[in-house]
Amino acid sequence: MYKERIRYAPYLDKVMDAEKAADFIKDGMIVGASGFTRAGDPKAVTLALAERAKKEKIKIKFWTGASLSDEVDGGLAEAGALSHRLPFQATRSMRDLINKGEILFTDQHLSLTNEWIRNGVMGPIDIALVEAVTITEDGYIIPTTSVGNTPIFVDQAKKVIIEINMAHTPLLEGVHDIYLPEKRPGREPILLKTPMERIGTPYIKVDPEKVVAIVITDQMDVPSNILPADEETKIMANHIIEFLKEEVNQGRIPNSLMPLQSGVGTIANAVLEGLVHSPFEDLIVASEVLQDAVFELFKAGKVKFAAATSVTLSPSWTKELFENFDQYRDKLVFRPQEISNHPELIRRMGLIAINTALEADIYGNVNSTHVAGTHMMNGIGGSGDFARNAGLSIFVTKSIAKDGKISSIVPMVSHVDHTEHDVQILVTEQGLADLRGLAPRERAELIIEKCVHPMYKDKMREYYNEALERGGHTPHVLEKALSWHQKLRETGTML
Ligand code: COA
């Protein structure tokens with residue numbers, strides 16, 4: 001069966017089991033793996049490596065597109081197989097080891113990894129470990145459910161190991177659009193004017209001489225575990241719909257809006273899903289990950305096309321999409337994350353970017369990554385690529401977390417991922433603050449009025465009034481600016 005998926009005969013001699021293929025990976029190597037938010041990760045060689053790491057000392061630097069499944073990222077982390085990890089992760093056991101300092105994690109804008117590899121800042125890559133659905137007649141790779149950083153890993157690696165995953169539909173061939181910008185100086189513009197165009201090839205080119213092993217697998221991606229929309233996310237979605245309707249009324253954007261980007265996680269997915277009940281039509285998605293909400297919008301006839309670097313779905317949507325893939329394949333394109341997240345394209349296309357904050361402050365600075373200022377959650381992902389360059393940069397968060405013990409709007413964020421300059425619209429279930437063109441004092445008034453939970457409003461006004469007495473362009477009471485976080489640490493609540 002698998003032989004039909006390998007249309008380049010010389011590779012047939014390189015088929016071997018995962019354990020043997022994993023032997024190519026040695027202690028201290030840099031391994032660049034396919035995979036982006038669980039989609040398209042190599043599922044066999046990684047776990048064989050984890051097993052080896054339980055018996056012998058082997059620690060690698062492990063680079064991917066974004067997070068892999070808990071089984072793979074968690075398996076490697078728990079086996080002690082990783083010294084370094086980048087550019088994004090979302091697995092609890094890996095997070096714990098990162099926060100203990102046992103895995104050194106580089107939290108990176110997802111559009112940037114390619115550039116640094118291409119420039120030799122982060123090289124050389126010893127092994128590229130790649131999941132594929134098919135091999136072409138020339139030995140080239142048809143990726144599976146994500147593209148991520150795979151093309152640059154394959155281009156730069158000394159050796160390439162390919163996992164052919166029989167569980168993925170061969171209909172994926174033709175969905176990808178692989179394009180790598182040239183080395184600078186002298187780079188050409190990236191000639192995409194809409195997400196629907198194509199500029200690349202449907203395969204990842206590889207020098208067949210570099211391919212040292214082919215491993216056959218038969219296992220679907222681990223599905224996502226995002227939670228369904230709740231009352232609060234529905235209210236947040238409504239705030240955004242009302243805001244976008246007014247943008248349309250003002251003639252700033254058309255009724256089909258601008259291409260939509262939505263961040264990872266439960267909240268961003270639920271908010272996007274809310275557009276099912278909006279008056280907007282003919283929507284285009286230009287995102288990083290396609291979560292369930294995009295397909296709910298397809299089903300509702302709201303979305304006509306979606307471009308991304310990966311697709312990560314719940315079990316029911318995984319079944320629906322891949323059992324009916326022929327109905328979706330001409331409405332989808334998967335690109336390298338360097339392209340899906342490219343500042344040049346995001347600015348040109350005027351994306352509406354909706355990303356999630358862990359916390360935001362009264363001036364609109366956003367922390368998306370660090371719990372209480374020190375402990376890594378997942379990483380910045382592509383949120384910075386999109387927020388800084390979007391036509392409309394929207395951040396959403398529930399106004400409180402952990403049953404109200406935490407206010408997600410704080411006097412000063414305990415870590416900054418997105419500065420006040422990159423945050424145009426801030427939304428909680430309490431309301432929406434349009435911060436565009438406002439001075440810091442105006443921003444603070446609006447955020448306190450619209451976004452802070454009633455439990456924390458008086459306390460926040462008290463802080464801000466005291467700050468105003470001190471004066472300044474951006475007033476603060478510096479010795480109290482992080483006192484809410486300090487109180488949380490000491491007493492378990494900010495209240
Ligand atoms: N302080 C501490 N913890 C907080 C918090 C705060 N201010 N706000 C939320 N949390 C906790 C929640 O309680 C929850 O904890 P749990 O896992 O123990 O249940 C966790 O953070 C996740 O929050 P949740 O409300 O479930 O939101 P989510 O699934 O939508 O994830 C982010 C939110 C911020 C973690 C997630 O969107 C993310 O990693 N973003 C950064 C990367 C990014 O934006 N990528 C998109 C680019 S395309």
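## The α16–α17 pair

Helices α16 and α17 cross in a left-handed manner. Left-handed here is a near helix turned anticlockwise from the far one by less than a right angle. Helices are DSSP runs (H or I, at least four residues), strands likewise (E, at least two), numbered from the N terminus. The contact uses Arg441, Ala444, Glu445, Ile448 and Glu449 of α16. From α17 come Lys457, Met460, Arg461, Tyr464 and Leu468. Contact means heavy atoms within 4.5 Å. The contact residues split into 5 nonpolar, no polar and 5 charged. In this scheme Ala, Val, Leu, Ile, Met, Phe, Trp, Tyr, Cys and Pro are nonpolar, Asp, Glu, Lys and Arg are charged, and the others, Gly among them, are polar.

Helix α16 spans residues 440-451 and α17 residues 454-470. They pack at an angle of about 165°, with axes 10 Å apart. That makes α16 roughly antiparallel to α17. Axes are lines fitted to C-alpha atoms over the stretch in contact, and angles run from 0 to 180 degrees between N-to-C directions. Angles under 35 degrees count as roughly parallel, and those over 145 as roughly antiparallel.

## Basis of the model

This is a predicted model: local features need pLDDT of at least 70, side-chain atom pairs count only at pLDDT 80 or more, and totals for chains, interfaces and linings use all residues. Residues are numbered from 1 along each chain as its sequence is written, and side-chain values use heavy atoms, without hydrogens or water.

## The α3–α4 pair

Helix α3 (residues 45-55) packs on α4 (residues 70-78) at an angle of about 20°, with axes 9 Å apart. That makes α3 roughly parallel to α4. Their crossing is left-handed. Thr46, Leu47, Leu49 and Ala50 of α3 meet Glu71, Val72, Gly75 and Leu76 of α4. These residues divide into 5 nonpolar, 2 polar and 1 charged.

## Ligand surroundings

The ligand is surrounded by 25 residues, each with a heavy atom within 4 Å of it. The closest are Ile267, Leu358, Met377, Asn378 and Lys402.

## Backbone exceptions

Most residues other than glycine have a negative phi, and most peptide bonds are trans. The Leu86 to Pro87 bond is cis, with omega near 0°. Pro87 sits in the loop between β3 (82-86) and α5 (92-99). The Arg184 to Pro185 bond is also cis. Pro185 lies in the loop between β7 (159-165) and β8 (211-217).

Asp282 has a positive phi, near 55°.

How values were computed
Parallel < 35°, antiparallel > 145°, perpendicular 65-115°, else oblique.
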